[in-house]
Structure formats: structure tokens, C-alpha cells
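Biologist: Can you walk me through this model? I have the sequence open beside it.

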Amino acid sequence: MDNQNLLAAIEELLDKKLEPINNKLIKIEGKLDSVFNQVADLTEFKTDVNTKLDNISSEVSEIKEDLSAVELVTSKNWNEIARLKIAK
């Protein structure tokens, strides 16, 4: 066997030995792509949730302010009702 044939035989042997490794690497790359896409989706979902929570928090603060105003007006009305009952 000359060097050229020997090199071709070694290359063929290496290709056969490396084929399972290459196949596993392809599968790993596919799984990694899938994980990357899921992380991107989760990041987008987290951003959406945080935005919605900020909106809800703002709305709750507004409701609390409105409720405080209603409580003040109700208190004033109760005082006026008590004065009217006394004046009778």
C-alpha cells in the first residue's frame, strides 16, 4: 500500500468513527436551538407580564386614591346627617 492509499484508508476509518459523534453533535445543536428559542419566548413573556403587572399596580393605586376620596366624602355626609338629626 502506498501512502496515498494509506491516507485514504485512515480518512475513511476516521469518518466512520466520527460519524456517531457528528450525529450526536447535530442532535445537541438542535436541542440547544430549541432551548434558545424557549428562553427567548420566556423572556418575551416575562416582559409582557411585568408590563401588565405595572399597569395593574398603577390601576390599583388609582383605585386606592378614589376609595380614599369616597371615604372622605362619606365621612362628611355622615357628619352632616348627624347634625341634621340633632337639629330636628
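**Surface, charges and overall form**

Modeller: Leu6, Ile10, Leu14, Leu18, Ile21, Leu25 and Ile28 form a nonpolar patch on the surface, and together they have about 620 Å² of accessible area. Keep in mind that this is a predicted model.

Biologist: Take Leu18. Where does Leu18 sit?

Modeller: Leu18 is placed in helix α1. Its relative accessible area is 39%, so Leu18 is partly exposed.

Biologist: How many helices and strands are in the protein?

Modeller: The protein has one helix and zero strands. Its radius of gyration is 37 Å, well over the 12 Å that the globule rule gives for 88 residues, so the protein is more spread out than a compact globule.

Biologist: What box do the C-alpha atoms fill?

Modeller: Roughly 125 × 15 × 10 Å, taken along the principal axes.

Biologist: And which residues does helix α1 cover?

Modeller: Helix α1 covers residues 3–87.

Biologist: What share of the 88 residues is buried?

Modeller: Buried residues make up 0% of the 88. The protein exposes about 8600 Å², and carbon and sulfur atoms supply 61% of that area.

Biologist: Switching to charges. How many salt bridges does the count come to?

Modeller: The count comes to one salt bridge. The partners are Glu12 and Lys16, whose side chains meet at 3.6 Å, N to O.

Biologist: Why would such side chains pair at all?

Modeller: Side chains of opposite charge can pair when their charged atoms come close. As for the spacing here, Glu12 and Lys16 are four residues apart in helix α1, so about one helical turn separates them.

Biologist: Are those two buried or exposed?

Modeller: Glu12 has 48% relative accessibility and counts as partly exposed. Lys16 has 55% and counts as exposed, because the cut-off for exposed is over 50%.

Biologist: Which residues form the negative surface patch?

Modeller: Glu59, Glu62, Glu65 and Asp66 form the negative patch. One of them, Glu65, is in helix α1 and is exposed, with a relative accessible area of 57%.

Biologist: Next pair, then. What separates Ala87 and Ala69?

Modeller: Their C-alpha atoms are separated by 27 Å, and the two residues are 18 residues apart along the chain. Ala87 lies in helix α1 and counts as exposed, at 65% relative accessibility.

Biologist: One more. How far apart are Asn79 and Ser58?

Modeller: Asn79 and Ser58 are 21 residues apart along the chain, and 32 Å separates their C-alpha atoms.

Biologist: Is Asn79 exposed or partly exposed?

Modeller: Asn79 is partly exposed, with a relative accessible area of 42%. Asn79 also lies in helix α1.

Terms used: Residues are numbered from 1 along each chain as its sequence is written. This is a predicted model: local features need pLDDT of at least 70, side-chain atom pairs count only at pLDDT 80 or more; totals for chains, interfaces and linings use all residues. Side-chain values use heavy atoms; hydrogens and water are left out. Patches are made of residues with over 30% relative accessible area and no salt bridge: like charges are joined within 9 Å, nonpolar side chains (Val, Leu, Ile, Met, Phe, Trp, Tyr) within 5 Å. Accessible areas come from the Shrake-Rupley method with a 1.4 Å probe; for residues, only the protein chains shown count as cover. A salt bridge is a side-chain nitrogen of Lys or Arg within 4 Å of a carboxyl oxygen of Asp or Glu. Lys and Arg count as positive and Asp and Glu as negative; His and the chain ends are not counted. The place of a charge is taken as NZ of Lys, CZ of Arg, CG of Asp or CD of Glu. Helices (H or I, at least four residues) and strands (E, at least two) are DSSP runs, numbered from the N terminus. Buried means under 20% relative accessible area, exposed over 50%, partly exposed in between (1.4 Å probe, protein chains only). The radius of gyration is taken over C-alpha atoms; the globule rule is 2.2 Å times the number of residues to the power 0.38.
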